[in-house]
Amino acid sequence: MTISVKRVYEAPAAGDGVRVLVDRLWPRGLTKEKAAVKYWLRDLAPSTELRQWFHANPDAWAQFRRRYMKELAAPRLQRRLTSCIR
């Protein structure tokens with residue numbers, strides 16, 4: 001399975017496949033039709049606390065990544081992630 005990352009504000013293309021939004025907040029000014037998102041997986045996005053921390057520490061990508069992977073390893077999110085992939 002190939003996964004590509006694309007900003008939700010970019011226009012959908014024929015080759016995009018299934019578009020999935022992983023963000024806690026719906027993008028400002030974007031309609032569901034324009035986004036062409038099939039799934040909105042807000043539970044899999046970084047927590048509000050982690051997102052705010054990273055906003056204040058944008059040069060700490062490695063640490064953000066470790067913290068986000070730890071959040072994703074939580075059993076509740078593992079079940080959610082597994083159900084999305086099927």
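User: I'd like to start with charge pairs. How many salt bridges does the structure hold?

Analyst: The structure holds two salt bridges. As a general idea, side chains of opposite charge can pair when their charged atoms come close. Here a salt bridge means a side-chain nitrogen of Lys or Arg within 4 Å of a carboxyl oxygen of Asp or Glu. A word on the source: this is a predicted model, in which local features need pLDDT of at least 70 and side-chain atom pairs count only at pLDDT 80 or more, while totals for chains, interfaces and linings use all residues. Residues are numbered from 1 along each chain as its sequence is written, and side-chain values use heavy atoms, with hydrogens and water left out.

User: Which residue forms a salt bridge with K6?

Analyst: K6 pairs with D16, and their closest N and O atoms are 3.0 Å apart. Both K6 and D16 lie in the segment before β1, so the pair ties together parts that are 10 residues apart in sequence. Helices (H or I, at least four residues) and strands (E, at least two) are DSSP runs, numbered from the N terminus.

User: And which residue forms a salt bridge with R19?

Analyst: D16 again: the closest N and O atoms of R19 and D16 are 2.9 Å apart.

User: Is R19 buried or exposed?

Analyst: The idea is to look at relative accessible area: buried means under 20%, exposed over 50%, and partly exposed in between (1.4 Å probe, protein chains only). R19 is buried, at 11%.

User: How many positive and negative side chains does the chain have?

Analyst: Lys and Arg count as positive and Asp and Glu as negative, while His and the chain ends are not counted. The chain has 18 positive and 8 negative side chains, and the centres of the two sets lie 4 Å apart. For this, each charge is placed at NZ of Lys, CZ of Arg, CG of Asp or CD of Glu.

User: What about nonpolar groups? Which residues form a nonpolar patch on the surface?

Analyst: Patches are made of residues with over 30% relative accessible area and no salt bridge; like charges are joined within 9 Å, and nonpolar side chains (Val, Leu, Ile, Met, Phe, Trp, Tyr) within 5 Å. In this chain, V18, V20, V22 and Y39 form such a nonpolar patch, with about 340 Å² of accessible area together. Accessible areas come from the Shrake-Rupley method with a 1.4 Å probe, and for residues only the protein chains shown count as cover. V18 sits in the segment before β1 (20–21) and counts as exposed at 52%.

User: Where is V20, and what is it in contact with?

Analyst: V20 belongs to strand β1 and is partly exposed, at 41%. Contact means heavy atoms within 4.5 Å. Leaving aside neighbours within four places in sequence, V20 is in contact with V37, Y39 and L41.

User: How do the elements of the chain run?

Analyst: From the N terminus on, they run β-α-β-α-α-α, which comes to four helices and two strands. In the loop between α1 (32–35) and β2 (39–40) you will find A36. The phi of A36 is near 55 degrees, a positive value in a residue other than glycine. Finally, of the 86 residues of the chain, 20% count as buried.
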